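Here is a short briefing on one protein model. Have the sequence and the 3D view open as you read.

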Amino acid sequence: MNNIKHACKHTLNLLLFCLLFYGCTVRQSVVSTAKCTAPCWEGISPGYTSYEDSLLILQNLENVDNSSVIPSGPWSIFTNGISFQLYSGETAGISIIDDTVIMVSFRKPGGILSISECIQRFGTPSFIKQSHVLGPGFPLVLGSDAEHPWLYAVYPSEGISLGYDMYRVWTGPNYSLEPDTQINEIQYFDPKQYDLLLENGMIINSLSDIRQSDLYPWKGYGNVNDLYPFD
């Protein structure tokens, strides 16, 4: 019996180690790699990399599920796109204008990194904006559980934006921004296209139009409604 318990404990510890090790190694590649500095990711650089080169790079990345790499075609202001999945659980996409990558996006409901980890890598964000979007909930109308408050941190000059969903299923919105708050969305974009992307709702997802004058400067952690009220 003791041998069985020991074997089970050893197996459990081994599985836990593998999960932790795998999670850490893949996480690093989402945010920054040795190949290039954000907004570039794994050699895909917004404003420079072509559609064909992006496909070729994705097909040779170990942390990308090759079977998930699918051309997504034109949508909104973009003339083409590519969707794919990372083995760590992030849903990702590349948005193209005139055969050039404009944006690389990652999303994961459970969180990609904490905001403090992102600040350690990218520095302090320039601007913050609270917005409302339609998400999971019932009924699918404004003013119901389907209306989710999001908070976005934006780095216009660096070509980076971070977003997280403040809505919680059982307790309602959590408006407390803390260092360990988990970021659900990371976007890398061409800084030269910042105005175009902001005006068309690509950097900050919102039910209403967002202008640069609507954004607040970074004021640190605390209550979102006090520091960055929705208006």
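Predicted model: local features only at pLDDT ≥ 70, side-chain atom pairs only at ≥ 80, totals over all residues.

A search of the whole structure finds four salt bridges. It also holds 10 aromatic pairs. Helix α2 spans residues 51–59, and its buried residues pack against four strands, β1 to β4.

**Helix α2**

- Four residues of α2 are buried: Tyr 51, Ser 54, Leu 55 and Leu 58.
- Viewed down the helix axis, the buried residues of α2 fall within an arc of 100 degrees, so they line one face.
- An α-helix has 3.6 residues a turn, so residues three or four places apart point the same way.
- Glu 52 and Leu 56 are exposed, on the other side of α2.
- The packing partners of the buried residues are β1 (70–71), β2 (80–85), β3 (91–97) and β4 (100–107).
- The N-terminal end of α2 is capped by Ser 50. A side-chain oxygen of Ser 50 lies 3.2 Å from the backbone nitrogen of Asp 53.

**Ile 70 in strand β1**

- Strand β1 contains Ile 70.
- Setting aside neighbours within four places in sequence, Ile 70 is in contact with Gly 81, Ile 82 and Ser 83.
- Ile 70 and Gln 85 are 15 residues apart in sequence. Their C-alpha atoms are 9.7 Å apart in space.

**Aromatic pairs**

- The structure holds 10 aromatic pairs, and two of them are described here.
- Trp 41 and Phe 84 are a stacked pair, because their ring planes stand at 20 degrees and the cut-off for stacking is under 30 degrees. The ring centres are 6.0 Å apart.
- Trp 41 lies in the loop between α1 (2–31) and α2, and Phe 84 lies in strand β2. The pair therefore ties together parts that are 43 residues apart in sequence.
- Trp 41 and Phe 84 are both buried.
- The rings of Tyr 216 and Tyr 228 have planes at 65 degrees, so this pair is edge-to-face. Their centres are 6.4 Å apart.
- Tyr 216 sits in strand β12 (residues 216–217), and Tyr 228 in the segment after α5 (224–227). The pair therefore joins parts that are 12 residues apart in sequence.
- Tyr 216 is buried, and so is Tyr 228.
- One aromatic cluster is formed by Trp 41, Phe 84, Phe 106, Phe 122, Tyr 155 and Tyr 188.

**Salt bridges**

- Side chains of opposite charge can pair when their charged atoms come close.
- Arg 107 and Glu 185 form a salt bridge, with the closest N and O atoms 2.3 Å apart.
- This pair links distant parts of the chain. Arg 107 is in strand β4, and Glu 185 is in strand β11 (residues 185–189), 78 residues apart.
- Arg 107 counts as partly exposed, at 36% relative accessibility. Glu 185 counts as buried, at 7%.
- Asp 190 and Lys 192 meet through their side chains in a salt bridge of 3.1 Å, N to O.
- Asp 190 counts as buried because its relative accessibility is 3%, and the cut-off for buried is under 20%. Lys 192 counts as exposed, at 60%.
- Asp 214 forms a salt bridge with Arg 211, and the closest N and O atoms are 3.5 Å apart.
- Asp 214 counts as buried, at 17% relative accessibility. Arg 211 counts as exposed, at 55%.

**Lys 192 over a ring**

- Lys 192 also has a ring contact: its charged end sits over the ring of Tyr 48.
- The distance to the centre of the Tyr 48 ring is 5.0 Å.

**His 148 in strand β7**

- His 148 belongs to strand β7 (residues 147–155).
- His 148 is buried, with a relative accessible area of 4%.
- The side chains of His 148 and Asp 165 are joined by a polar contact of 2.9 Å.

Technical notes: Residues numbered from 1 in each chain as written. Heavy atoms only, no water. Buried < 20%, exposed > 50% of the residue type's maximum accessible area, 1.4 Å probe, protein only. Helix = DSSP H or I, 4+ residues; strand = E, 2+ residues; numbered from the N terminus. Arc of directions from axis to C-beta. Contact = heavy atoms within 4.5 Å. Polar contact = N/O pair within 3.5 Å; in protein donor to acceptor, adjacent residues only side chain to side chain. Phe/Tyr/Trp six-rings, centres within 6.5 Å; stacked < 30°, edge-to-face > 60°. Lys NZ or Arg CZ within 6 Å of the ring centre and 35° of its normal.
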